[in-house]
Amino acid sequence: MAPLHAASVRADLAAAGLEAHVYTIPAGEASKTWQTVLPLYGRLLADGFDRTSTVLALGGGVVGDLAGFVAATYMRGIAFVQVPTSLLAMVDASVGGKVGVDHPQAKNLIGAFKQPALVVADTRFLRTLPARERRCGLAEVVKHGLIGAPHILTWLESGRWSWPALIREAIAVKKAVVEDDPFERGRRAVLNLGHTFAHALEVVSNYTLPHGEAVAVGLVLAARLAVRVGLADEPLAARVEALLHTLGLPVRLSADPAAVWQAMQGDKKKARGRLRFVLPRAVGDVIVTDAVPPEVVRTVLAEILCPERPPPEA
Ligand code: MG
């Protein structure tokens, strides 16, 4: 995001009497590696960064993860501030303290928990965001609403909402969950609502499917699964689907259900060899369960995913 926003952020910092050095990395997940991180330590050292310095991540999720990892490890950890520029990063990645880099064999394999001292979500950044990326961020907003803020769904359904309020409320859901379980030993798993499906859909698409779109279909699958196992009523699934569709997000996908099922077996959040699902019982009420019969999951996959059908127009 340096080309777009670094100069103005640097000017703001200078106005506050703070000196800033700017380091840029190429956009995209491919940058989230050791090869990008290692030279950054040398540059911080050369520029005189010490224990009193702060790393500020200006960009989307990749920059936040990577800069946070540098902040967590440089001199055993220095202060860290997140300035997310994408909606996805504002409502999700920038909050919660998960930082790290990818390993050739697994995403986010090398990392740490490093809570930011501050998260600045400036909605002016959203003006430069492509519409498709904004929609992707809304998928995580809907997820947070389902987990713990029914009013978020009501707002989105009514069409009467503002970015600052929406972002603040979405962050509040995640913040409450993370504060309850900062190191992901229990309750924090609810934040994976829709994500066991979403990650498998991303793998099967060879990561051509944007995360937010995978999450949208994942939420539909989770809601349908909840209905199938008797946890939720049909109107809940219909409501989730209708809202996501209204927001311009996909609710069906052209993908091979068998391949997606196969990809789900590699989920790193499996517990004792069983797939764990986060399922909604109602809006604002989700549970984590590993008591879902595999054949029911496969039925739901076959219902929502279709090899022949093209994805609906976004
Ligand atoms: Mg996500």
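Analyst: Helices (H or I, at least four residues) and strands (E, at least two) are DSSP runs, numbered from the N terminus. The expected span of a helix is 1.5 Å times one less than its number of residues. The model is predicted, so local features need pLDDT of at least 70 and side-chain atom pairs pLDDT 80 or more, while totals for chains, interfaces and linings use all residues. Numbering starts from 1 along each chain as its sequence is written, and side-chain values use heavy atoms, without hydrogens and water.

Helix α5 covers residues 131-148, which is 18 residues. From first C-alpha to last it reaches 26 Å, close to the 26 Å expected at 1.5 Å a residue. Its buried residues (under 20% relative accessible area; over 50% is exposed, in between partly exposed; 1.4 Å probe, protein chains only) include C136, G137, L138 and A139. The run goes on through E140, V141, V142, K143, H144, G145, L146 and I147.

H144 belongs to α5, and H144 counts as buried because its relative accessible area is 0%. The H144 side chain reaches the backbone oxygen of V91 at 3.4 Å, a polar contact (N or O atoms within 3.5 Å; within protein one must be able to donate a hydrogen and the other to accept it, and residues adjacent in sequence count only if both atoms are side-chain atoms). Apart from residues up to four places away in sequence, H144 touches (heavy atoms within 4.5 Å) V91, D92, A149, A170, V173, K174 and L191.

I147 also lies in α5. With 3% relative accessibility, I147 counts as buried too. When residues up to four places away are left out, I147 touches V173, V190, L191, L193, G284, D285 and V286. By contrast, A112 is 35 residues from I147 in sequence, and their C-alpha atoms are 25 Å apart in space.

L191 sits in the loop between α7 (163-180) and α8 and is buried, with a relative accessible area of 8%. Beyond its neighbours within four places, L191 is in contact with K143, H144, I147, K174, V177 and V178. Its C-alpha is separated by 22 Å from that of G59, 132 residues away along the chain.

Next come the helices beside α5. The axes of α5 and α6 (residues 150-158) come within 6 Å and cross at roughly 135°. Axes are lines fitted to C-alpha atoms, for helices over the stretch in contact, with angles from 0 to 180 degrees between N-to-C directions. L138, V141, V142, G145, L146 and G148 make the contact on the α5 side, and P150, I152, L153 and L156 make it on the α6 side.

Helix α8 (residues 195-204) is mostly covered, with seven of its 10 residues buried. These are H195, T196, F197, A198, A200, L201 and E202. The buried residues of α8 pack against α5, and also against α9 (211-228), α11 (257-264), β6 (277-282) and α12 (294-304). After α8 comes N206, whose phi is positive, near 60°.

Three of them form an open parallel sheet in the order β1-β2-β5; two strands pair if DSSP finds at least two bridges between them. The edge strands, β1 (54-59) and β5 (118-119), each pair on one side only. Two bridges join β2 (residues 79-84) to β5, and Q82 has V119 of β5 as its bridge partner. Helix α3 (residues 61-73) packs on this sheet and touches β1 and β2, its direction making about 170° with that of β1.

S94 touches this region: away from its neighbours within four places, S94 is in contact with Q82, P84, A89, P116 and V119. S94 lies in the loop between α4 (87-93) and β3 and is buried at a relative accessible area of 1%. Its side chain reaches the backbone oxygen of M90 at 3.4 Å.

Strand β3 (residues 98-103) pairs with β4 (residues 106-113) in the antiparallel sense over five bridges. K98 stands opposite F113 in β4, and the two strands form a hairpin with two residues between them.
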